[in-house]
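Dear colleague,

Please find below the structure that I am handing over to you. My notes on it follow directly after.

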Amino acid sequence: NTILTVIDITNTPTVSVPNDKGEYYYNTFTNDEQLIGQWADGKLLYRKVFSLSGSSGDVDIDITDLNTSTVFIDFSHSFIAYTGYRLPLNRYAGTTNWITAGINYKSDVQKINIQFGDIFRTISKTIVVVIEYTKKS
């Protein structure tokens, strides 16, 4: 597995959400960690966007430095883009003859794994993965 080149994305504020102290943070999609609210168990909820580009094969995104407890992949905002197309990154299982790509979270090694179908293994592409997570105490 190969790490692709990280690219910067633009912050786009949309909705403000108060944290447990009544302080407001913009609900942004950015490469920087953002506090976005509170999860059902009372832990603070964070969001981070990973933007990668290149033409390598399968990819592992190491998230050990985030000290995560619970991780959610935001499938509604995660995608693969190439030559004018934007396709969703979904969770797939089975053969590698997919037309797109599959994404999984490996909790035992704290990695987001993206496996590309045959068509996407060697073409130039941009991948955007959005995760939301709580942290270990």
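**Fold and salt bridges**

Along the sequence, the protein runs β-β-β-β-β-β-β-β-β-β-β-β, with twelve strands and zero helices; helices (H or I, at least four residues) and strands (E, at least two) are DSSP runs, numbered from the N terminus. This is a predicted model, in which local features need pLDDT of at least 70 and side-chain atom pairs count only at pLDDT 80 or more, while totals for chains, interfaces and linings use all residues. Residues are numbered from 1 along each chain as its sequence is written, and side-chain values use heavy atoms, with hydrogens and water left out.

Of the 137 residues, 42% are buried (under 20% relative accessible area, with exposed over 50% and partly exposed in between; 1.4 Å probe, protein chains only).

The structure contains three salt bridges, each defined as a side-chain nitrogen of Lys or Arg within 4 Å of a carboxyl oxygen of Asp or Glu.

- Arg47 pairs with Glu132, with 2.7 Å between the closest N and O atoms. Arg47 belongs to strand S5 (residues 44-54) and Glu132 to strand S12, so the bridge ties together parts 85 residues apart in sequence. Both Arg47 and Glu132 are buried.
- Glu33 and Lys135 form a salt bridge at 3.0 Å, N to O. Glu33 sits in the loop between strand S3 (24-26) and strand S4 (34-38), and Lys135 in strand S12 (residues 125-135), 102 residues apart.
- Asp62 and Lys111 form a salt bridge at 3.7 Å, N to O. Asp62 is in strand S6 (residues 59-62) and Lys111 in strand S11 (residues 111-116). Asp62 is partly exposed at 39% relative accessibility, as is Lys111 at 24%.

Yours sincerely
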